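This report describes selected packing features of one protein chain. The sequence and the structure are shown first, and the description follows.

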Amino acid sequence: MTFCVHGLAVSRGVAIGRAVLVASGRVDVAHYFINPWSVESEIHRVRCGRDTVVAEIQRLQESIAHMGPKEAPHELSALLDVHLMLLQDAELISGVKHWITDRLYNAEWALTTQLEVIARQFDEMEDVYLRERKADLEQIVERVLRAMKGQDAPVVEQAPRRSRQQPQQDLLLDDTVDVPLVLIAHDLSPADMLQFKHSVFAGFITDVGGKTSHTAIVARSMDIPAVVGARTCSQLVRQDDWVIIDGDAGVVIVDPSPIILAEYGFKQRQGALERGRLQRLLHTPSVTMDGQRVQLLANIEMPEDAQTALQAGAVGVGLFRSEFLFMGRQGRLPDEEEQYQAYKRAVEGMQGLPVTIRTVDVGADKSLDKTMRDEAHLNPALGLRAIRWSLADPAMFLTQLRAILRAAAHGQVRLLVPMLAHAREIRQTLAHIEQARASLDSKGVAYGPVKLGAMIEVPAAALSLRMFLQHFDFLSIGTNDLIQYTLAIDRADESVAHLYDPLHPAILKLVADTIAECDAQGKEVSVCGEMAGDIGLTRLLLGLGLRSFSMHPAQILAVKQEILRADTARLQPWAMRVLSAEDPVQALAAV
């Protein structure tokens, strides 16, 4: 039966494929595709984990056999029998083998996927006692997962990213080919998204999240359709259901009819044609009709993304999110050499073009791992994050600063500091940079010059521009957090997503004032938040005087098309009217 689930549109386009559900268990589980020759070793890992738990339960049974009824009631023995029976359940074992052998899921992913399948069968049972056995199944699966954590997973070579048009024969989906996959989860951390970045998924759906949550941001960087804030979608959709993601409307269609499939197939082809037309602009200089040259820079997460940035026509990297190097490492931070090599690859990958490296920005919706996500913070967005976290851990911060300075010996590097608000934070940051230079000097290690920049993403910073410009060579407006903090909303919370408004008069005034002050003092300014890649706002930002946009590589050509059609001399007075309007949305339409 066809049904629709509504969420928030965060990455445009249409995706059609089979559903792949990622269970959100209490154990942190890795999800990745394995190589065909690793199938037996993955099955062996599950078998070893299961055998370990079986042995534990049998030892418990032996120990309680010598206890009295008060110390070990009969119910405990019966419960252990149930757990042993579930561990040896043929459907659990055969299902796990299916996901590993036919889908090439890693062992942990296969186990949690089969748990999801069987758990739904328990939910549909009429007998209350049998329904409640689902909890026992979840417990024994978690015990197996914990047992498997003691074993090192084999190193898996990431499969090269496939285009949406390329058949996926190697997935062996029921002996069919060219079957796209759509990933559905309750939530995906940025580290999860990064792991899936070079995978075969045609689209993403999550139950939670907002338009500028980092799940949404990475989905846009992958240039694939995505819907977030779909509430109970992961509970309503079953493994292998056919699913359509309408990334323009924020709609998920489950089990679509042939007519609906045909309609969305046509929309897919139209989207492909439009991308083909935009590709013709790749080598066209980004200059407005009245001769204003505009910089189009790329936001990247990993050094390897530099190649994607160049292929999209970026003239530099306006934001390298260095925190992605720190994520998914179970608390083990990258050392100086590892970071230096990563930054060096990004700098050399840009072939002489500038690279802006932002110091680590974790906290809020960008935690390093599950342990950090589980810590109790009343409001992580207002807690120890970004530069606050760096200054609270000087050893970590100095390690990163030394690595960035060393990478600057290989090309143009600009160092960007996030979430500054206080003069003392600025002084401490500059002192740490000088200390990092002195440390490299004392060791005789080569490093290069860097331009220093600050993110304007806290209202206090936007209202203290002259102080900032005394210390920094350039400013970068992080509109995502600026909107979040100015309007007092959690940008990752879908329940207040409707209040997230880049056209709020207060936001426009802060952005406009920052651009004007930098222009007056002859300092560079760019926008690196999601506003930069929104083609509905390109003309407005040009009219406000912005001449440097930094966005996901996938958005560059669409923004360039808007720039080529723009006349800034005409846009400036119109932008001032929008800025002073009580309802900027209405004024925006009157161009």
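Leaving aside its neighbours within four places in sequence, which residues is Phe-549 in contact with? In this predicted model, the contacts of Phe-549 include a run of residues from Val-294 and Gln-295 to Leu-296 and Leu-297. Phe-549 is also in contact with Val-527, Ala-532, Thr-538, Leu-541 and Leu-542.

**Nonpolar cores**

Phe-549 belongs to the largest nonpolar core, which has 96 residues. Phe-549 is listed there among the residues with the most contacts inside the core, together with Phe-320, Tyr-343, Phe-468, Leu-475 and Leu-540. Helix α14, residues 394-407, gives the most to this core, with 8 residues.

**Aromatic residues**

Trp-109 also takes part in aromatic packing. A search of the whole structure finds 9 aromatic pairs. Two of the pairs are set out below.

| Ring pair | Distance between centres | Angle between planes | Arrangement |
|---|---|---|---|
| Trp-99 and Tyr-105 | 5.7 Å | 10° | stacked |
| Tyr-105 and Trp-109 | 4.0 Å | 5° | stacked |

Why do Tyr-105 and Trp-109 count as stacked? Their planes are at 5°, and planes under 30 degrees apart count as stacked. The planes of Trp-99 and Tyr-105 are at 10°, so that pair is stacked as well. Trp-99 and Tyr-105 are both buried, and Trp-109 is likewise buried. These three residues are part of one aromatic cluster, whose other members are Phe-33, Phe-201 and Phe-204.

**Strand β5**

Strand β5 covers residues 201-206, and two members of the aromatic cluster, Phe-201 and Phe-204, fall in that range. Is strand β5 mostly covered or mostly open? It is mostly covered, with 6 of its 6 residues buried. Strand β4, residues 181-185, runs parallel to β5 and is joined to it by 5 bridges. In this pairing Val-182 stands opposite Gly-203 of β5. Strand β6, residues 226-228, also runs parallel to β5, and 2 bridges join them. Here Ile-205 stands opposite Val-227 of β6.

**Arginines over rings**

Two arginines lie over aromatic faces. Arg-406 is placed over the face of Tyr-340, at 4.0 Å from the ring centre. Arg-414 lies over the face of Phe-474, at 3.9 Å from the ring centre.

Terms used: Residues are numbered from 1 along each chain as its sequence is written. This is a predicted model: local features need pLDDT of at least 70, side-chain atom pairs count only at pLDDT 80 or more; totals for chains, interfaces and linings use all residues. Side-chain values use heavy atoms; hydrogens and water are left out. Buried means under 20% relative accessible area, exposed over 50%, partly exposed in between (1.4 Å probe, protein chains only). Helices (H or I, at least four residues) and strands (E, at least two) are DSSP runs, numbered from the N terminus. Two strands pair if DSSP finds at least two bridges between them. Rings of Phe, Tyr and Trp (its six-membered ring) pair if their centres lie within 6.5 Å; planes under 30 degrees apart count as stacked, over 60 as edge-to-face and the rest as tilted. A charge sits over a ring if NZ of Lys or CZ of Arg is within 6 Å of the ring centre and within 35 degrees of the ring normal. A nonpolar core is a set of buried Ala, Val, Leu, Ile, Met, Phe, Trp, Tyr and Cys residues joined through side-chain atoms within 4.5 Å. Contact means heavy atoms within 4.5 Å.
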